[in-house]
Amino acid sequence: MRFAKGHGTENDFVVLPDPDAELTLHTAGVSALCDRSRGLGADGVLRVAKAGALTATGVLDVLPDGVAVDDWFMDYRNADGSAAEMCGNGVRVFAHYLLSSGLETRSAFVVGSRAGARPVTVHSVDGFRGDVTVGMGKVRELGTSSATIGGRVFEGIGIDVGNPHLACVDSDVTPAVLAALDLSAAPGFDPGFFPHGVNVEIVTPLSGGAVEMRVHERGVGETRSCGTGTVAAAAAALRFDGADAGEVVVRVLGGEVRVRIDAGEADLRGPSVLVASGDIDDAWWAAQ
Ligand SMILES: N[C@@H](CCC[C@H](N)C(=O)O)C(=O)O
């Protein structure tokens with residue numbers, strides 16, 4: 001079984017090229033692959049398949065909004081094996097992989113996700129590096145809620161970017177407060193508000209057009225970046241300043257990305273790195 005390993009601002013993925021959707025991505029296999037001791041280690045898995053192949057094999061019941069049979073589809077799984085609707089860093093790595101492997105030659109095309117079609121523009125692919133913009137679609141504000149971390153309550157805004165986020169911006173959140181946060185355990189949240197779980201971002205207010213954030217991801221734990229989370233963080237930081245549009249640089253533990261929000265839609269530009277490729281032992285995979 002072929003694989004590649006890549007990351008977007010150090011949010012890392014095992015990429016599995018599987019155009020005809022022949023692989024069975026069961027929970028035990030995905031979590032073993034993502035395990036940093038037992039497997040290759042990653043925050044998630046990106047299966048590279050044709051959208052039509054995923055419906056034909058029953059992985060998807062129907063094609064999500066705007067996705068065509070012949071589109072590439074990012075079948076994203078979290079490190080715990082759960083499927084998630086979208087992954088903003090993953091889409092950049094996915095598009096970079098398609099071009100560098102020769103599976104795709106266009107620099108602008110659509111990537112399907114469970115949240116719908118995500119148009120990508122690949123600005124450059126330079127050896128192992130890529131620079132990609134992703135149309136992230138609608139940013140929907142869901143109202144206010146809170147997260148509890150180490151006994152401290154953070155007020156935030158629920159934001160749907162295809163997947164659910166709680167982005168907490170507070171003037172008390174300085175870079176030093178952010179650095180001291182312990183995100184080794186999942187933050188407490190209101191399961192009535194987020195019945196399918198939530199990704200939680202703690203975010204500094206805007207300063208000079210930039211924010212800093214840390215994130216605890218549903219199905220993964222703390223990660224060094226979360227692309228959909230940076231969009232939620234940018235939207236919440238703009239809202240904190242009374243704005244609903246603008247461009248924000250979001251700094252995360254693994255680097256920085258640029259988010260632009262306009263008329264309720266976002267795009268995300270950032271780097272992608274492909275680190276390695278190789279073969280996963282078939283007998284090891286079968287034993288999971
Ligand atoms: N790291 C991703 C988000 C992955 C999905 C998330 N953990 C969820 O369950 O919603 C990103 O870059 O957006």
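## Asn89 and its surroundings

In this predicted model, Asn89 belongs to helix α3, and its contacts, once neighbours within four places in sequence are left aside, are Gly8, Thr9, Asn11, Ser225, Cys226 and Gly227. Asn89 counts as buried because 36 other C-beta atoms lie within 10 Å, where 20 or more are needed for that label.

The unreviewed UniProt entry lists Cys87 and Cys226 for "active site". These residues span 140 residues in sequence, yet no two of their C-alpha atoms are more than 7.5 Å apart, so they gather at one spot.

Cys87 sits in the loop between β4 (72-78) and α3, and it is buried, with 31 other C-beta atoms within 10 Å. Apart from neighbours within four places in sequence, Cys87 is in contact with Gly44, Tyr76, Gly227 and Thr228. Cys226, for its part, lies in the loop between β13 (221-223) and α5, and it is likewise buried, with 34 other C-beta atoms within 10 Å. If residues up to four places away in sequence are not counted, Cys226 touches Asn11, Asn89, Asn199, Val215 and Glu217.

## The shell around the ligand

The ligand is surrounded by 18 residues, of which the closest are Ala84, Asn89, Asn163, Gly227 and Thr228. When the shell is sorted by class, it has 4 nonpolar, 12 polar and 2 charged residues.

Helices α3 (88-101) and α5 (227-240) each supply at least two residues of this shell, and the largest share, 3 residues, comes from α3. The shell is also drawn from both parts of the chain, since at least three of its residues come from each of domain 1 (2-136 + 272-286) and domain 2 (140-263).

Arg218 is buried, with 21 other C-beta atoms within 10 Å, and, not counting residues up to four places away in sequence, it touches Asn78, Gly197, Val198 and Asn199.

Pro195 is placed in the loop between α4 (175-180) and β11 (199-203). From Pro195 to Arg239 there are 44 residues in sequence and 24 Å in space, C-alpha to C-alpha.

The domain assignment divides the chain into domain 1 (2-136 + 272-286) and domain 2 (140-263). The centres of domain 1 and domain 2, taken over C-alpha atoms, are separated by 24 Å, and the contact takes 20 residues from domain 1 and 19 residues from domain 2. On the side of domain 1 that touches domain 2, there are 6 nonpolar, 10 polar and 4 charged residues.

## Helix α1 and what covers it

Within helix α1 (residues 27-34), the buried residues are Gly29, Val30, Ser31, Leu33 and Cys34. The cover over these buried residues includes the strands β2 (11-17), β3 (44-50) and β4, together with the helix α6 (282-286).

## The chain as a whole

The secondary structure of the chain comes to 6 helices and 16 strands. The radius of gyration is 18 Å, close to the 19 Å that the globule rule gives for 288 residues, so the chain is as compact as a globular protein of that length. Taken along the principal axes, the C-alpha atoms fill a box of roughly 50 × 35 × 35 Å.

Of the 288 residues in the chain, 45% are buried. Among the contacts with a separation of 6 or more, 66% are between residues 24 or more positions apart.

Technical notes:
Residues numbered from 1 in each chain as written. Predicted model: local features only at pLDDT ≥ 70, side-chain atom pairs only at ≥ 80, totals over all residues. Near = placed C-beta within 6 Å. Helix = DSSP H or I, 4+ residues; strand = E, 2+ residues; numbered from the N terminus. Nonpolar A, V, L, I, M, F, W, Y, C, P; charged D, E, K, R; others polar. Domains from an automatic or database assignment. UniProt positions renumbered as here; feature names shortened; annotations may be inferred. Buried ≥ 20, exposed ≤ 12 C-beta atoms within 10 Å, placed from the backbone. Contact = placed C-beta atoms within 7 Å. Rg over C-alpha atoms; globule rule 2.2 N^0.38 Å.
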